[in-house]
Amino acid sequence: MSIACILFCSCSNDDNSSGWPEKQDKSIVILFESDSHCELSGYPKLAGLRDAINQSDTAWAGVVCCGDFIQGGAVGSVSKGRYIVDVMQAVGYDAVTLGNHEFEFGGENMMTQLEPLKPSVVCANFFMYGETVPYYQPYIIRSYGNQRVAFIGVLTPEAIVTQKFAFYDDGRQLYDLRGDQVPALVQQAVDNAQGEGADYVVLLSHMGEKSDIALTSHDLIKATHGIDAVLDGHTHTSVTHEWVNNSEGRPVLVSQSGNKFKHIGKLVINSDGVLSSTLLPLDDIAETSASVTKAVETVQEQVAGQTAKVICHSDFPLISISEQNVPLSTTCETAIGDLVTDAYREFFDADIALQTGASLSYNFAAGDIRMQDLINLMPFEDQMFLIEVRGDLLLETLVRCTKGLPEGDKYFPQCAGLKYTVHQQSNTVTDVEVFDRKSGNYLPLNPEKNYNVSLSVFYSSIGFYGMLKDCKVIKSVSTTTRDALEQYLTGMPDGQLDNRYKAPQGRIMVVDD
C-alpha cells in the first residue's frame with residue numbers, strides 16, 4: 001500500500017498511529033449543496049458563509065455542488081440553464097459535478113451552458129460515446145493552507161435511462177455513463193489524485209443512497225478504497241452524517257444536504273485530520289454575499305420579464321406541498337393532481353390520464369396564475385403521449401405505485417377518468433372504476449379491455465416503475481405537459497379557474513386497513 005493510501009485510510013478511521021498528513025493550525029471547511037433545482041435563495045448565503053469563514057481566519061473554506069442545478073424551475077426553463085450558471089459563476093465554486101437533470105435540455109445544451117464553469121466541473125464517468133477519456137476532468141485538486149483536497153465527480157448511471165432522450169438521437173447513442181465501470185473509474189481517479197499528492201479525497205456524488213436500477217453511493221464506497229468523504233445528492237434526502245465501510249473495511253463519511261437549499265452542508269476536516277459533517281438550515285444562516293445577491297436579483301428580473309403572462313385567475317389556492325414541506329401528491333389525491341390530469345385527458349380526449357405525484361411539487365396561490373407558475377410546477381420539457389393499457393396491467397400499476405404508503409410513493413398515480421381505493425396496510429387496490437363517456441357513469445375496470453391513457457413521456461423510462469414502458473403508443477406529439485396545462489387553463493370560462501378545483505374531487509380513496 002502506498003504512503004498516500006495509508007494516510008487516507010488512517011484519516012477515515014480517526015487513527016493517528018499510521019501518521020497524518022502534515023498538520024496545520026486551521027481546519028478546512030467545505031460547504032456543499034445538491035439538487036438546488038433552480039432555487040436561488042441559497043446562493044447568496046452559501047457564498048456569504050464561505051467568505052465569512054475565510055475572513056475570520058479560523059479555517060479555510062470552499063464551496064462545492066453535487067449536481068441538479070440547471071433545471072427545476074422557471075429560471076432554468078426560460079434560459080435552458082444559463083441564468084443558474086451565471087449565479088454559480090458569481091458564487092465561485094471549487095468543484096461542481098453533474099446531476100441527471102443537467103441533461104434536461106439535451107447533452108449539447110448542457111455542455112454549452114456549463115462552459116463558463118468547465119474548469120471546475122468534475123465527472124469521472126461521463127463520456128462522449130466511443131471515447132476513452134471522460135469529457136470533463138475526473139477530479140480537481142484544491143489547496144487549503146498546506147493541505148490538498150481532491151474532489152472527484154460521479155453521476156448516477158440512472159441518467160441514461162431517466163434522461164434517455166438526451167443520450168440517444170434516432171437510436172444512435174451520443175454519450176455514455178459506463179455504468180458497469182463506475183467503481184473502476186472512480187478508483188482510478190482516487191489513485192491518480194493520491195499520486196499527485198492529494199491529502200484528502202472527497203467524492204462529489206450524484207448517486208444517492210438508494211436506487212431501483214443503478215449503483216448507489218453506498219455500493220460505490222463498498223467497491224472502492226481511499227475516499228475520505230462522500231458528499232451525496234440525487235435522492236433529495238437530508239443525511240447529517242453516516243459511515244459506510246469501504247472495500248478495506250474502513251469507514252467513509254457520507255452526508256447529503258437535501259434539495260432546494262433546505263440546508264447547506266458543512267464538511268469539516270479538522271487540523272488533526274478528523275472529519276465531521278453537519279447540516280445548516282438555510283434560515284439559520286445570517287451571512288450573505290452582496291455580489292451574489294446582486295446576481296440573483298438580476299436573474300429574477302430577467303425571469304419575471306419573460307414569464308409574467310397571465311394564464312388565468314384563481315380565487316383560491318391549490319396546495320400540493322404542506323406547510324411542513326411534505327409533498328402531498330405522493331400520498332393522496334390533490335386538487336393540483338386533478339387539474340393536471342384533467343388537462344392531459346382533455347388534450348387527447350383519452351379514457352384515462354395519469355401523472356406521477358412527485359412531479360407536482362408547487363403550490364398555486366390565490367390570484368393570477370402566470371406562466372412562471374406553470375413553469376415552476378412543470379419545469380421539465382416532458383412531451384405528451386397517448387398509450388394503450390390493458391385493464392389488468394393498469395391495476396398492477398396502481399398497486400405497485402401505491403406500495404410506499406403511508407410514507408408516500410414518488411410515482412403515486414394522480415388521475416382523471418379513473419377512481420380507485422388504496423388499502424395502505426394490505427397494499428391492495430380495490431373499487432377501480434373508469435369513466436364511460438357514453439353512459440356518463442363510472443364503470444368497473446375491465447381487466448381484458450384496452451384503455452387509452454394520456455400521460456407524459458416520463459412513463460417510457462422509469463416513471464410508474466417502468467411498468468407501462470412496453471405499452472403500445474397510439475400517439476406522441478411535441479406538445480409538452482406544460483403546453484397542455486396552459487391550453488386547458490386558457491380555455492376556462494371568463495379566465496377563471498373552475499371552482500371544482502377548490503378541493504380534491506374524490507377520485508382516490510386511501511384507507512388504513
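Which strands each supply at least two residues of the lining of the second largest pocket? They are β22 (428-436) and β23 (441-444). Helices (H or I, at least four residues) and strands (E, at least two) are DSSP runs, numbered from the N terminus. The model is predicted: local features need pLDDT of at least 70, side-chain atom pairs count only at pLDDT 80 or more, and totals for chains, interfaces and linings use all residues. Residues are numbered from 1 along each chain as its sequence is written, and side-chain values use heavy atoms, with hydrogens and water left out.

The protein has 14 helices and 26 strands. Its radius of gyration is 24 Å, close to the 24 Å that the globule rule gives for 513 residues, so the protein is as compact as a globular protein of that length. The radius is taken over C-alpha atoms, and the rule is 2.2 Å times the number of residues to the power 0.38. Along the principal axes, the C-alpha atoms fill a box of roughly 80 × 45 × 45 Å. Of the 513 residues, 57% count as buried. Buried means under 20% relative accessible area, exposed over 50%, and partly exposed in between (1.4 Å probe, protein chains only). Among contacts (heavy atoms within 4.5 Å) with a separation of 6 or more, 73% join residues 24 or more positions apart.

The second largest pocket has a volume of about 150 Å³. On a 1 Å grid over the protein atoms alone, a pocket is an open set of points with protein on both sides within 12 Å along at least five of seven lines; a cavity is a set where a 1.4 Å probe fits but cannot get out; lining residues have an atom within 4 Å of a point. Grid points are joined across faces, edges and corners, and a volume is the space filled by probe spheres set on the points. The largest share of the pocket lining, three residues, comes from β22. The lining includes Asp351, Phe435, Arg437, Leu443 and Tyr451. By class, it has five nonpolar, no polar and five charged residues. Ala, Val, Leu, Ile, Met, Phe, Trp, Tyr, Cys and Pro count as nonpolar, Asp, Glu, Lys and Arg as charged, and the others, Gly among them, as polar.

The whole structure holds two cavities of 30 Å³ or more. About 30 Å³ of space lies in the second largest cavity. Ala343, Glu346, Phe347, Ala484, Gln487 and Tyr488 line this cavity. Helices α11 (335-348) and α14 (481-490) each supply at least two of the lining residues. Four lining residues are nonpolar, one is polar and one is charged.

In helix α4 (residues 82-91), Tyr83, Ile84, Val85, Val87, Met88 and Val91 are buried. These residues pack against α2 (42-56), β2 (59-65), α3 (74-77), β3 (95-96), α5 (107-113) and α10 (290-307). Gly92 follows α4, with a positive phi near 85°. Lys294 lies in α10. At 52% relative accessibility, Lys294 counts as exposed. The C-alpha atoms of Lys294 and Val87 are separated by 9.2 Å, though the two are 207 residues apart along the chain.

Asp35, in the loop between β1 (27-33) and α2, has a positive phi of about 55° although it is not a glycine. Asp35 counts as buried, at 0% relative accessibility. Asn427 also is not a glycine and has a positive phi of about 55°. Asn427 lies in the loop between β21 (418-423) and β22 and is partly exposed, with a relative accessible area of 23%. The peptide bond from Leu405 to Pro406 is cis, with omega near 10°.
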